[in-house]
Amino acid sequence: MEELRKIIEIISNLAILIRTSQVHDIKNVAVVNLIEKVTGLINNFLKDEKILQIDLVGEFFYANDTRLKYSIEHLLNFDFLSRELKKRNIGTVIFKNMLGTEDTKTFLKAFLSAGFSKDPLKTMLDSLKGMTSITVDRLKRVKEDEALDMRKVVKKTYFNAVSFSKGLMNKIKTKEAVNIKKAKRIVESMVDLILEEEQLFLGMTAIKDYDEYTYHHSVNVSVLSIALGQRLGLSKKALNELGLAALFHDMGKVEVPIEILNKPTAFTEDEWLIMRKHPQWGVKALLTLKTPDPVLVRSSIVAFEHHLHYNYSGYPKVRVRHEQDLYSRIVTIADQYDAMTSSRVYSRVPLPPDKALSILIDRSGTQVDPLLLKFFINMVGVYPIGSMVLLNTNELGIVYQSNPAFPDRPRIRIIMDSSGRRTDTTVDLTERDAEGRFIRSIVKTLDYTKYKINLAEYLM
Amino acid sequence: MSEVTPIRDLLQTLLKTKKLVRMYPENNPMYIKAINDMYEKTVEVFQDIENDITLNIRQYEILYDDKQVYYNPEKTDNLALFFFKDGIRELKFLRGLNKEELEDFLKIISLDEKELIDDDIVTLLWEKDFQHIKYVVDESVLTEDEDYELRATQQVLEETTSPDDLLRAYRDAMDAEGVKPTQIVPLGETDLKALMQEFEKDSEPKLKKLVYIISEMIYQEYNNKKELEEIIPAIRSVLEYSIKMADFESATEILKVVKTAAEDKEISGDIKLLLKKIVEFGGSESVIKNIGEVIDRIEVEEGPVKEYIQQLDRNAITPLIEILGELKNMRARRVVIDSLAILGRRDIQNLVKGLSDERWYVVRNIVYILRLIGDKRSVEYLLKTIRHPDMRVRREVIKTLGEIKAPQAVSTLRDHLNDPDPQIRIATVRALGSIHTEAAKRLLLQRINTKDFLHRGLEEKKEYFEVLSSWKDEEVIEFLLKTLKKNALFNRAKNFENRACAAYALGLIGSKEHLKILKKYSDSGNPVFRDHVRNAIIRLEASHGRT
């Protein structure tokens with residue numbers, strides 16, 4: 001535990017050093033002091049461990065093969081360092097043999113100049129040539145077959161969750177006993193995979209053509225909430241609680257008559273009255289599932305509040321305005337985003353993800369919490385997964401994975417090439433040409449629903 | 001040496017430690033030693049083997065390097081089965097395992113079935129997110145419907161995107177408007193600070209919030225019988241949970257909301273009845289039993305518990321009496337007694353049923369509660385209890401009868417003036433003094449005049465005279481003066497005691513005119529008499545000044 005604390009301190013201070021030296025000259029006393037501090041911290045660690053290898057894998061840092069836990073105090077520093085490393089295509093930094101301040105200074109200079117280079121990694125490697133105490137290596141891309149295996153695992157976990165959600169609702173309807181332990185285990189699997197393979201999981205939620213909207217919606221809201229909770233720095237235990245609360249948020253819909261739920265046309269006022277009861281019905285259903293525990297208490301709160309809206313303009317109407325629960329506000333964003341991008345029975349036309357995002361922004365401060373929305377937008381990016389985009393190369397594609405370091409440069413599945421022929425390749429919009437210019441950029445977005453594009457073909 | 005032996009030993013130590021961890025609290029030296037020993041053993045084993053410790057878990061056995069290191073065919077207390085049943089198939093302890101992790105792990109595996117109601121072993125291990133303990137779980141148990149994934153995938157892939165639609169999209173894209181991307185504002189220190197504040201607020205307990213929600217639901221639905229009926233189980237559930245969590249304020253809040261709703265004149269009798277049933281549930285046997293368990297186990301604030309009980313209906317009286325006999329904690333008993341004193345006022349008939357309890361201490365407590373209530377309707381029941389076989393109960397009854405000032409008790413109390421126990425006799429005298437009727441006075445005077453009285457102990461006799469002095473009437477004063485002056489040929493010492501008591505009583509009456517006569521005896525040769533006389537004089541002079 002002590003070692004982990006030391007490593008977190010090293011990474012945090014390294015980020016501060018880089019950020020400070022981007023503003024001040026390397027001879028500035030603030031930078032000099034930070035160089036000494038970072039050198040000291042690293043040496044203190046190397047004294048016992050001999051080597052410190054920091055790897056950036058996906059969104060996470062690993063130190064000597066141990067994944068570092070996301071922590072709120074270090075969130076900005078970790079994010080900053082992760083972005084800076086990705087910009088330079090660096091995935092590994094190794095420290096060994098005890099450092100001198102000159103070594104750290106050389107590393108810093110190399111790092112800064114690489115930021116302006118067309119081939120940052122090469123610049124970095126050249127600058128550090130001959131140096132034994134600090135070495136760097138390329139950012140590793142997940143191999144295709146590994147990605148394929150992970151995709152299978154993610155898919156299986158996702159459908160397990162949907163199938164469970166279906167069973168759960170049916171059991172509540174027929175008043176059968178519900179296995180909450182199992183629900184916890186399922187959400188634990190989702191949390192694990194979201195921590196490791198967030199993009200793959202978010203991709204699953206972008207597929208909207210399933211028959212059983214209600215069950216998929218519950219799981220999607222759970223996935224989106226966990227992903228947002230992870231960005232906020234919630235612990236694994238808290239993520240599990242949040243994921244469960246999100247999975248159960250619409251439990252009250254089991255009481256809404258099926259003919260209303262499946263009504264293809266707009267609801268009458270009376271039908272809306274019934275629909276608006278589902279938050280209370282959710283509380284009722286959850287509290288009678290079993291003897292309450294902290295998870296059920298929290299889930300009941302979320303079930304009641306998820307349509308309340310940030311400014312209480314939603315439903316149910318309440319006599320006293322108590323501050324809304326953090327999880328309720330997270331779930332509200334996830335719920336609205338998924339609902340808008342889905343073809344529900346009572347709203348047949350789903351919105352494209354980027355459009356849904358801009359509507360959410362319009363609702364910031366009224367229906368949704370502005371602070372949490374800011375985190376959400378940073379998570380899904382300018383072009384959320386599932387967005388259909390035209391590139392400046394005249395290629396048409398679907399956003400496949402977002403890139404937190406470059407929110408407007410996601411990975412794209414190209415479905416039509418520049419000549420308008422069908423194709424299937426994946427490109428990364430951060431790729432640059434020999435002159436250091438980005439090879440591709442997004443120039444237009446399209447509503448995929450207008451063209452009956454089946455996202456499952458590209459994201460599953 | 002084979003690596004199997006140290007692993008086998010390690011598991012034996014683990015089993016021993018597990019028992020000790022379950023048995024002793026964390027601050028107990030046995031617990032601390034067990035953890036230290038286990039840690040030392042683990043460090044030792046890591047020195048003896050080359051790799052990490054990887055254990056394969058089977059139903060009844062544990063294997064290390066394909067060799068059996070643990071076997072138990074039993075279904076209970078079986079370490080292998082403990083892990084296996086929740087799906088754990090491999091358990092790995094990595095080098096670098098520290099004591100804190102090991103202790104957390106031991107705490108988890110030491111939980112018994114009752115403590116594992118809400119979470120299984122995998123969830124508990126998962127929540128700890130150990131850095132040096134890893135496990136492999138068979139997730140197949142999580143699959144509800146084997147074919148669901150296949151069906152859903154086939155269905156979603158059924159309608160492939162048509163080439164024409166794709167082409168149309170492509171062509172339209174060429175003519176579409178340029179992109180206006182969403183502006184992403186990078187997160188800054190202010191956002192982080194705001195988030196930290198959110199987390200701080202989020203750490204507050206959630207039950208109060210749920211109670212508020214339940215209250216909202218009651219207010220929204222209480223005039224709709226069907227809806228109200230349906231939310232009653234949820235209300236009960238939160239009420240029970242609040243008590244389990246020792247949050248009596250929340251439980252009280254629920255009852256208050258229910259009672260406020262019940263006061264609405266617009267609602268029907270049916271609904272009133274439903275609301276009443278919720279309050280009755282709050283005082284039901286099962287809920288009161290839970291209250292007993294909570295207040296006996298932990299030191300809760302008395303105020304909120306009493307406030308909760310005050311909200312209850314009379315049906316709570318019987319279960320409260322029941323737990324009164326079961327509580328071990330004195331503070332807890334006092335809370336229940338005080339609460340029964342409040343509830344009992346509403347239903348004396350129900351409370352006095354407790355006088356028939358087989359446990360003497362419960363009967364004594366009920367008598368005490370009746371005294372606190374002071375309702376004269378309880379006298380007839382107290383009189384029936386006055387012959388209780390336990391002296392402690394009898395004494396309490398007598399005291400209570402006195403404090404209730406029940407004149408009808410005088411004739412019954414007469415018998416107790418002759419009780420073999422001096423404490424009972426004294427209690428009876430005091431009770432008669434409290435009742436303070438002519439009959440009571442007469443009874444005391446009669447007793448003092450009996451031959452037998454002379455031979456009672458001085459303290460008992462003083463008690464009679466002290467009580468008698470409270471009448472301060474002519475008859476009593478005359479009697480006292482007569483006793484003060486009375487000489488005797490026989491039993492002189494005992495007679496002096498009576499005279500001393502009379503002097504003492506005159507001092508208590510406090511009349512200045514008795515100073516003169518008292519002074520006459522201030523140099524008596526009998527030390528007991530003399531001392532009492534002198535003390536009476538001092539008392540009188542203190543209040544009236546020297547003459």
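In chain A, the C-alpha centres of domain 2 and domain 3 lie 29 Å apart. Chain A as a whole is divided into domain 1 (2–138), domain 2 (144–380) and domain 3 (388–459), with bounds that come from an automatic or database domain assignment. Before going further, note that this is a predicted model, in which local features need pLDDT of at least 70, side-chain atom pairs count only at pLDDT 80 or more, and totals for chains, interfaces and linings use all residues. Residues are numbered from 1 along each chain as its sequence is written, while chains are lettered from A and ligands numbered from 1 in the order in which they are written.

The contact takes 12 residues from domain 2 of chain A and 12 residues from domain 3 of chain A; two residues are in contact if their C-beta atoms, placed from the backbone, lie within 7 Å. On the domain 2 side, α7 (180–206) and α16 (370–380) of chain A each supply at least two residues. Helices (H or I, at least four residues) and strands (E, at least two) are DSSP runs, numbered from the N terminus. Of the elements on that side, α7(A) gives the most, with 3 residues.

Now turn to a sheet in chain A. This open sheet of 5 strands has the order β9-β8-β7-β6-β10, with antiparallel pairing; strands pair if DSSP finds at least two bridges between them. At its edges are β9 (422–428) and β10 (442–446) of chain A, each pairing on one side only. Inside the sheet, β6 (residues 388–391) and β7 (residues 396–401) of chain A pair in the antiparallel sense over 3 bridges. In β7(A), A:Leu396 is the bridge partner of A:Leu390.

The sheet also brings us to chain B. Helix α7 (residues 163–175) of chain B lies across β6, β7, β8 (411–416), β9 and β10 of chain A, running at about 130° to β10(A). Here axes are lines fitted to C-alpha atoms, for helices over the stretch in contact, and angles run from 0 to 180 degrees between N-to-C directions. Overall, the contact between the chains takes 77 residues from chain A and 68 residues from chain B. Helix α6 (residues 144–173) of chain A gives the most to the chain A side, with 8 residues.

Chain B has its own division, into domain 1 (4–141) and domain 2 (203–346). Taken over C-alpha atoms, 42 Å separate the centres of these two domains of chain B.
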